[in-house]
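Please examine the model shown below.

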Amino acid sequence: MRRALQTALTSLDWLTEAGIKVAPDARWQENSTKNWNTGTPVPSLAEEFSTLDFSSLDLLYPDKTSPAGSLYFYTRDAILNRAQVALRDLYNRPEKLILVVSHEGFLKAGVSGKTLANGDYRVFEFIERRQDGEPDRLKEWEVTACGGARGLSPDIVVELGEGLPE
């Protein structure tokens, strides 16, 4: 989360200076349980990012290994489920435009199937929400569909969940 918050506060400073809030959300964290992907404890984050409100952050964060932290497990089903929960929350928000700063592994494997290079971005919108139990899907805007907006991202598409451990 530290890397995502640093990126959000640096690259979107023009929005935060205009009063737009940054909302830390554990669901958008990276996939694996490697020590650089497990997350920083909230007290340390709150000290480092004292202008942010961490009160709505999932109390289980950064737990990815105990039974209680199963939403954050490094498995195909857990990552796809976590992505759907995060997308459903965005879908139900009142804002028309939402910026998400997250991690390439999670975004590619769980959310969009699109590769992202560091410093690049893609723009998506929701396809009409499905009612049949199928996952919510995103449609990428044409302007970023071929290698991201800055053209830094490889034009590689994967099936959601591909390459994740069962």
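Arg27 and Asp25 meet through their side chains in a salt bridge, with N and O 2.6 Å apart; the term denotes a side-chain nitrogen of Lys or Arg within 4 Å of a carboxyl oxygen of Asp or Glu. The model is a predicted one, in which local features need pLDDT of at least 70 and side-chain atom pairs count only at pLDDT 80 or more, while totals for chains, interfaces and linings use all residues. Residues are numbered from 1 along each chain as its sequence is written, and side-chain values use heavy atoms, leaving out hydrogens and water.

Arg27 has a relative accessibility of 16% and therefore counts as buried, whereas Asp25, at 23%, counts as partly exposed. Here buried means under 20% relative accessible area, exposed over 50%, and partly exposed in between (1.4 Å probe, protein chains only). Arg27 also forms a salt bridge with Asp89, the closest N and O atoms being 3.0 Å apart. Asp89 belongs to helix 4 and Arg27 to the loop between helix 2 (13-16) and helix 3, so this pair ties together parts that are 62 residues apart in sequence. Helices (H or I, at least four residues) and strands (E, at least two) are DSSP runs, numbered from the N terminus.

A further salt bridge joins Lys114 to Glu140, with 2.8 Å between the closest N and O atoms. Because Lys114 lies in the loop between helix 5 and strand 1 and Glu140 in strand 2, the pair ties together parts that are 26 residues apart in sequence. Both Lys114 and Glu140 are buried. Through shared partners, salt bridges link Asp25, Arg27 and Asp89 into one network. The count of salt bridges comes to 8.

Attention now turns to helix 5. Of the 9 residues in helix 5 (residues 104-112), 7 are buried, so this helix is largely enclosed by the rest of the structure. Among these buried residues are Phe106, Leu107 and Val111. The buried residues of helix 5 pack against helix 4 (76-91), strand 1 (124-126) and strand 2 (138-140), contact meaning heavy atoms within 4.5 Å. Just after helix 5, Gly113 adopts a positive phi of about 75°.

Finally, the confidence of the prediction may be considered. The chain has a mean pLDDT of 92, and 95% of its residues reach 70 or more; pLDDT is the predictor's confidence in each residue, from 0 to 100.
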